[in-house]
Amino acid sequence: MDRAAVVVLLASARASADPPLAAQLGGATGIGYASLAGAYRDDNFVAVRASVGIGPYVAADLRLGEDLDRVEPALGLGARLRPWQGECWLARFSPYVRGEVAVVGASHLGSNYDLTLGAGHWGHFTPRVRWLGWYAEVDAIARVGEVQTWSAHVELGVTFATGSFWR
């Protein structure tokens with residue numbers, strides 16, 4: 001075996017040994033509706049999400065979020081599902097749907113729960129830099145607990161992923 005073949009084998013073994021992990025940093029805002037307040041502009045939010053890829057179609061997410069206008073931390077557990085995969089989709093378009101249940105601390109941690117259902121797109125800034133990307137997502141959120149509200153958010157963010165995440 002020549003030296004070039006050994007280098008290729010080592011590189012492919014290293015790529016396949018990468019754990020399928022990703023991190024996302026994003027911000028969101030939106031509109032909401034509450035029975036007592038009516039329609040309102042919802043607050044701005046920031047979120048950090050850690051993800052583990054489970055094959056090429058599913059990712060499990062852990063999210064820490066914070067309302068930027070008041071102290072209201074959220075801890076969420078969810079999943080994202082891609083309906084298909086392929087090289088043409090990885091290069092140009094990678095849609096997904098996402099569901100999440102979050103414990104929110106409006107007056108105290110656990111005073112409210114957010115149930116989120118969303119659809120988004122996972123993209124890359126350039127085809128050569130696969131570890132750095134972006135995402136855009138539209139979410140419908142039902143908050144239950146001390147208050148009952150419905151809201152719609154748009155979330156934008158950056159992603160950092162290992163080579164084996166969603167490949």
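Author: Arg82 sits in the loop between strand S5 (73-81) and helix H2 (87-92); helices (H or I, at least four residues) and strands (E, at least two) are DSSP runs, numbered from the N terminus. This is a predicted model, where local features need pLDDT of at least 70, side-chain atom pairs count only at pLDDT 80 or more, and totals for chains, interfaces and linings use all residues. Residues are numbered from 1 along each chain as its sequence is written, and side-chain values use heavy atoms, leaving out hydrogens and water.

Reader: Thanks! Why does Arg82 count as buried?

Author: Buried means under 20% relative accessible area, exposed over 50%, and partly exposed in between (1.4 Å probe, protein chains only). Arg82 has 2% relative accessibility, so Arg82 counts as buried.

Reader: What makes the link between the side chains of Arg82 and Ser94 a polar contact?

Author: A polar contact is a pair of N or O atoms within 3.5 Å; within protein, one must be able to donate a hydrogen and the other to accept it, and residues adjacent in sequence count only if both atoms are side-chain atoms. The Arg82 and Ser94 side chains are joined at 3.1 Å. The Arg82 side chain also reaches the backbone oxygen of Pro56, at 2.7 Å.

Reader: Where in the protein chain is confidence lowest, and where highest?

Author: Going by pLDDT (the predictor's confidence in each residue, from 0 to 100), helix H1 (residues 3-17) is lowest with a mean of 51, and strand S3 (residues 45-54) is highest with 96. The protein chain averages 85.
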